[in-house]
Amino acid sequence: MLLTLFVAPQASACSTCQAGDPTLTIMGHGKPFEGRLRASLEFRYRTEDIGVPGVSSEELSEYRTSLGIAWTPHERITLGLSVPVVGKQLALANQSEERSFFLGDIEVNARGFVWQDRHAMPRHLLGVVAGLRVPSAPELEDSAGVPLSFDAQAGNGAWVPSAGLWYGYFRHPFSLYLSSVGYFTAGGFGAFEAGDAWVNTLMAQWAPELPVALQLGFDTRAATRDVDAGVVDPDSGGFIGFLTPGIVFSPTEDLLLSVRVMIPVIDQLDGNHDEGVSVLAGVTYDL
Amino acid sequence: MISKRNLFLLCAILLLGCAERDPGITLSVEALHHSAPDMFGNYTDTAAGEPRAFTSESGYDITIEKGYVVLFNEELLAQANAFDFVPRFFQRVFGVSDAFAHALSSPTTIATPQVIALLGAERVPLVLGELSPPPGVYDRLEVNVLQADEDARDLPGDVPGTMVGKSLYLEGTWQPAGMGGAGTAFTISTAIAATAQLTLRAPGGAPDPHSLPGSTSRVIVGIGYETWFDSADFMTMNQSQLAIAVMGEVQASLSHFVDPVADSE
């Protein structure tokens, strides 16, 4: 049913560079055992307002449901695949509205384990992460064959490689996860090219002996501005920081349910551009 | 009956994938050039490609053999009201700026420079672009005549050098009115800019602020070229003075074009 919901504002830049570590739900933040195969389903809702209200405003709502699978072929590497279905609703100041619902851009990720302080029950883990978002979503058109606005597209038509570092600290019942990843956009629908982004995640978790863990994170994104047909979009780019409380529940050994809320607390986005609270809910199951 | 929204939801449920658009408010902005109407509001159109011949108020018979003017951008302006200071206040205090610079397209601005060929077909509207303004009452259209850039549409190939960098280019002849015989050749080539605020009018000519959404779907910029030399005096003015005088008349010749004959049909 979640798949049927869509009413969303999202800025062009953010179809490329959403805040938050996209590998957290699909891969978790601990060290998996060799041969682990994990399936996940993540639902994400976000809103965004761009432009001068009542003049040039765009209100975007996005519902994104991603089906993911992660496999650990070797103790030092985990591979992930994420296939999103994206619903969007874009409302413009002239009372026009665009709606889309389609397969989004597929993303593949790899998380490598480079160093750990000891072989058994490590407290410190350090690694690298790399990914590639593929322009699998077609450019959507209305019934007259006119492409929808870039912000209403399910994907953005760009190749987006990413690379970064991550660090994990474990001291039961606490753990800490830190990642820093750069996203580099190449191309895009039409003459549009979203800005590059630098996305950071800091997440602390407290997991007592109960099947519940509490999380508190801080996610940031710093992005360069979008360019459309050689013209820089003044309402794109900048910096935003989210406070991200969350809860994880494990009713059985192989099943994890999680909910996180991303609350924008530092808004230094350029121009007339605001992002609202995002909600993420996920289910993972170890096969 | 299934509404469009429900149909869309149904489509989504079936995972077929959907994309649709409700257009909202749109306003086509077009331009045409025309001769001076007679006392009954009728126009005498000169065939495309033929020189334009007319007599100026300053007493010259003018024949234009080549003519181009650049409509650089057009902006729809809302009717002023008592609360206009509010956005200006926020802009000043909080640094909130308009989302679009003046040179960029916006929901109320078309920023695609268009070269108008004076020897083209008369009273045939040329679409400059489509606006998507928010609901409101609009009473003016600001038109900027500026130098053509490389991206200007319909750049002519018969302008010596190039039309890029010029806002107006005219070639033709002049002679004192009624003298007959061969005229004296002239060329006016200038980069002078001009801005005109056109009052939106009803078919009868009275000011008519347009409420949007409403029945209006287009606004036509009229260019009445037969007045362009009304302030020009070829015998006393140098080239620079002529260019200034003509551009002033070009600015004054722009209007919201409402054809009283066509619109009454």
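Student: How many helices and strands are there in chain A?
Tutor: Keep in mind that this is a predicted model. Going through chain A by its secondary structure, you find both kinds of element. The tally for chain A is two helices and 18 strands.

Student: What is the radius of gyration of chain A, and how does it sit against the globule rule?
Tutor: Chain A has 287 residues, and for that length the globule rule gives 19 Å. The model comes out close to that, so chain A is as compact as a globular protein of that length. Its C-alpha trace spans about 60 × 35 × 30 Å along the principal axes. The radius of gyration you asked for is 19 Å.

Student: What share of the residues of chain A count as buried?
Tutor: Buried here means under 20% relative accessible area. Apply that to the 287 residues of chain A, and the share is 51%.

Student: And what share of the accessible surface of chain A belongs to carbon and sulfur atoms?
Tutor: Start with the total for chain A, which comes to about 11900 Å². Of that surface, the carbon and sulfur share is 67%.

Student: Why is strand β8 of chain B said to be largely enclosed?
Tutor: This strand covers residues 136-145, which makes 10 residues. It is largely enclosed by the rest of the structure because the buried ones among them number seven.

Student: How many bridges join β4(B) to β8(B)?
Tutor: These two strands run antiparallel. One of the pairs is B:Glu74 with its bridge partner B:Val143 in β8(B). The number of bridges between β4(B) and β8(B) is seven.

Student: Which residue in β11(B) stands opposite B:Asn144?
Tutor: Strand β11 of chain B, residues 194-199, runs antiparallel to β8(B), and six bridges join them. β8(B) also pairs with strand β12 over three bridges in the antiparallel sense, and there B:Tyr138 stands opposite B:His210. Over in β11(B), the residue opposite B:Asn144 is B:Thr195.

Note on methods:
Residues numbered from 1 in each chain as written. Chains lettered and ligands numbered in written order. Predicted model: local features only at pLDDT ≥ 70, side-chain atom pairs only at ≥ 80, totals over all residues. Heavy atoms only, no water. Helix = DSSP H or I, 4+ residues; strand = E, 2+ residues; numbered from the N terminus. Rg over C-alpha atoms; globule rule 2.2 N^0.38 Å. Buried < 20%, exposed > 50% of the residue type's maximum accessible area, 1.4 Å probe, protein only. Areas by Shrake-Rupley, 256 points an atom, 1.4 Å probe, with all protein chains shown as cover. Pairing = 2+ DSSP bridges.
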